Amino acid sequence: MSAPLPILLGGLLLLAGTAHADELRNRASAIFQPIPEQVTEVRGKTINRDQAVLGHKLWFDPRLSRSHIISCNTCHNLSIGGSDNVTTSIGHGWQKGPRNSPTVLNAVFNSAQFWDGRAKDLQEQAKGPVQASVEMNNTPDRVEATLKSIPEYVAEFKKAFPKDKDPVTFDNMAYALEAFEVSLTTPNSPFDRFLKGDDKALDAQQKEGLALFMDAGCIACHNGVNVGGQGYFPFGVIKKPGADILPEGDKGRFAVTNTAADEYVFRAAPLRNIALTPPYFHSGEVWDLEEAEAVAIMGDSQLGRQLKDNEVKAITAFLHSLTGDQPQVAYPVLPASTATTPKPE
């Protein structure tokens, strides 16, 4: 006996839905990759666990700053998406930084670090904020003096860098921070689960948003494992946003290359966990993904397309599916200063 019509239709709809999900997944898998469960090597070298353990402490130690107030976690707070959720970070002497603090989560997957890509990797990046006068305002010599004044740190550096005659160095501080930072990944997002074959990981609106994200051309800048962070593009390919969003004085990568073609060029922002890290753009002047703000601005400025309200909502829903499991990082107990530790200034 033939199946009743409603059941037959339901089966056909289920098959159609599965076929659509498979087609969408196949398209997406050619453009994106899931976040791996863990990173075990960087630049072809296996992660050194002793260095990572040391880097964990250094990440939270404010004594890397001249004031003994600011740590790496101050501007890249691991409890709120790896950034600080303010327009621009507050640094030494209450100075405001020039750009919004990018998330450190999944930064290991970026082709370069900072909005203008001036650091080639996390090890090089780790040295920048420590020395920047507007951030931690310290010097390599003073950092080394601080670390060498603390016996527990001296022992940990020797353990982490056993082949070095003088292991407590500014360079090794940066290597240790990098070894820790590569653990700050966020696997198992709904989008990742969808890529791996779970049709139900994304709802209908998120699937619609994913299709729009690809069809509208967002993938030209936002692709790969980190959904961005791989290339440099002008902010305002089609139409430049106003000076409130694109400050005229910040010419982006031009400051690195001194090449006219790089004026107002920035590294494409990685979009993993984007729902957790407002405000948006290098200026930090846009606070909402939806509500005709970040998504709509990018459609207008980069694609020359006035996105409809339902399209903005669908793409925003898809962007929310990029939030993965947050790293569970315990706040460490730091070794005590000694009489020879440089005093805060």
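These exercises work through a pocket and some backbone features of a predicted model.

Local features need pLDDT of at least 70, side-chain atom pairs count only at pLDDT 80 or more, and totals for chains, interfaces and linings use all residues. Residues are numbered from 1 along each chain as its sequence is written, and side-chain values use heavy atoms, with hydrogens and water left out.

**Exercise 1.** Describe the lining of the second largest pocket.

Solution.
- Start with the term: on a 1 Å grid over the protein atoms alone, a pocket is an open set of points where a 1.4 Å probe fits, with protein on both sides within 12 Å along at least five of seven lines; lining residues have an atom within 4 Å of a point.
- Count the lining: 35 residues. His-76, Pro-102, Phe-114, Pro-129 and Glu-135 lie nearest the centre.
- Sort by class: 18 are nonpolar, 12 polar and five charged. Nonpolar covers Ala, Val, Leu, Ile, Met, Phe, Trp, Tyr, Cys and Pro; charged covers Asp, Glu, Lys and Arg; the others, Gly among them, are polar.
- Assign helices (DSSP runs of H or I, at least four residues). α3 (72-75), α4 (122-131) and α7 (170-181) each supply at least two lining residues. α4 gives the most, with five.

**Exercise 2.** Locate the cis peptide bond at Pro-279.

Solution.
- The bond runs from Pro-278 to Pro-279, with omega near 0°.
- Pro-279 is in the loop between β4 (265-267) and α11 (294-303); strands are DSSP runs of E, at least two residues.

**Exercise 3.** Is Tyr-264 buried or exposed?

Solution.
- Tyr-264 has a positive phi near 60°, though not a glycine.
- Tyr-264 is in the loop between α10 (254-257) and β4.
- The relative accessible area is 12%, so Tyr-264 is buried (under 20%; exposed is over 50%, partly exposed in between; 1.4 Å probe, protein chains only).
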